[in-house]
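Trainee: I am new to this structure and would like to know what stands behind the terms used for it. Could we take them one at a time?

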Amino acid sequence: MHLSPASGITLPELRQPLRTIGGRAFDFSREVAVMAVINRTPDSFYDRGATFALDAAIAASLAAIAEGADWVDIGGVKFAPGPAVPIAAEIDRIVPVVEALSGTGVVISVDTFHPEVALAGIRAGAHVINDTTGVSDPRMAEVVADSEATLVITHSLAAPRTAYPAPQYGDVVAEVLAFLEERVALATGFGVPPERIIVDPGHDLNKNTRHSLEITRRLAEITALGLPTLVAVSNKDFVGETIGRDRGARIEGSIAAAVACILQGARIVRMHNVRAAVDAVRMTEGILGFREPVYLRHNIA
């Protein structure tokens, strides 16, 4: 652990803070990336299919980049339980968006648990594979190892697209941490180097609101792994249930959760409301002493 240069806040030591992802250099010892969410699904929990059409997905991606997103995460199948989406259909949803964003300078990630979709995404120009099932299929690690892509390993318990009612944990943080350590070891065993691995504790994924709040409260135990930590807290049910807000009215709660995580070492935040998230992240970086103000006018001679 080390102190932030200006704030006195204790932050985790990262083993490989300097990362080059998609041609962009990140220093996660003093930088936080904002990942925008683009769902090419007709049934996503948040936007209810607003970006399912290809032109809408591309337009939303470009708008997110214009609002300051460092990263765009493209998903063709939602995490929640439901009927299987054919692999070919998932590829058809994701690849055209990846191709459209190539050359923009933004980091492009593909949210999938299918190795075949990951391979198609990487070939189309994706830089990151975001596997919310925690490498449930070891072939995913093989695909990433054979590329230059980065792998996000997320904690979840259920088989892909299946229900996991009333999850129980003795100590949710300890169990999430043990799972992540095991899956990181699996990925490195298949040849994915640690400098191309990011971890995500999986807020709300097979967890209830108390579990997600506990993870947020004790995120420093997860960031102490020494790998960059991604948090996907945006508009989640744990936010809505905590503050009593329905979908569409959770922006402020989501930002509060994201900032709480950043102050404990989270270095990528996956957010729907990009402009608000970018402002909150840049302000938090300023408070931590990671960045200088854009300008100085107030009480300056």
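Mentor: Start with a cut-off: a residue is buried if its relative accessible area is under 20%, exposed if that area is over 50%, and partly exposed in between. Keep in mind that this is a predicted model.

Trainee: Why is Glu285 called buried?

Mentor: The relative accessible area of Glu285 is 2%. Buried means under 20%, so Glu285 is buried.

Trainee: What makes Arg282 buried rather than partly exposed?

Mentor: Arg282 has a relative accessible area of 18%. The limit is under 20%, so Arg282 counts as buried.

Trainee: How do you know that Glu285 and Arg282 form a salt bridge?

Mentor: The test is a side-chain nitrogen of Lys or Arg within 4 Å of a carboxyl oxygen of Asp or Glu. For Glu285 and Arg282 the N to O distance is 3.2 Å, so the pair passes the test.

Trainee: Why are Glu285 and Arg282 separated by about one helical turn?

Mentor: Because they are three residues apart in helix H10, residues 274-288. Arg282 and Glu285 also belong to one network with Arg24, Asp70 and Arg291, joined by salt bridges that share partners.

Trainee: How many salt bridges does the whole structure have?

Mentor: A search finds 14. Among them is the one between Arg139 and Asp137, at 2.8 Å from N to O. Another joins Glu221 to Arg218, with the closest N and O atoms 2.7 Å apart.

Trainee: What makes helices H5 and H6 roughly perpendicular?

Mentor: The axes of H5 (residues 172-189) and H6 (residues 209-217) cross at roughly 75 degrees and come within 9 Å. Angles of 65 to 115 degrees count as roughly perpendicular, so H5 is roughly perpendicular to H6.

Trainee: Which residues of H5 and H6 meet?

Mentor: Val172, Val173 and Val176 in H5 meet His211, Glu214 and Ile215 in H6.

Trainee: Now the sheet. What is the order of its strands?

Mentor: The open sheet has eight strands in the order E10-E9-E8-E7-E6-E5-E12-E11, with parallel pairing.

Trainee: What makes E10 and E11 edge strands?

Mentor: Each of them pairs on one side only.

Trainee: How do you know that E8 pairs with E7 and with E9?

Mentor: Two strands pair if there are at least two bridges between them. E7 (residues 107-111) and E8 are joined by three bridges, and E8 and E9 (residues 150-154) by four, so both pairs qualify. Both pairs run parallel. Ser109 stands opposite Val128 in E8, and Asp131 has Ile153 in E9 as its bridge partner.

Trainee: Which helices lie on the path between these strands?

Mentor: Helix H3 (residues 115-124) makes a right-handed β-α-β unit with E7 and E8. From E8 the chain crosses through helix H4 (residues 139-145) to E9, again in a right-handed crossover.

Trainee: What shows that both faces of E8 are covered?

Mentor: In E8 (residues 128-131), Val128 and Asn130 on one side are buried, as are Ile129 and Asp131 on the other.

Terms used. Residues numbered from 1 in each chain as written. Predicted model: local features only at pLDDT ≥ 70, side-chain atom pairs only at ≥ 80, totals over all residues. Heavy atoms only, no water. Buried < 20%, exposed > 50% of the residue type's maximum accessible area, 1.4 Å probe, protein only. Helix = DSSP H or I, 4+ residues; strand = E, 2+ residues; numbered from the N terminus. Right-handed = clockwise from strand over helix to strand, strands pointing away. Axes fitted to C-alpha atoms, helices over the stretch in contact; angles between N-to-C directions. Parallel < 35°, antiparallel > 145°, perpendicular 65-115°, else oblique. Contact = heavy atoms within 4.5 Å.
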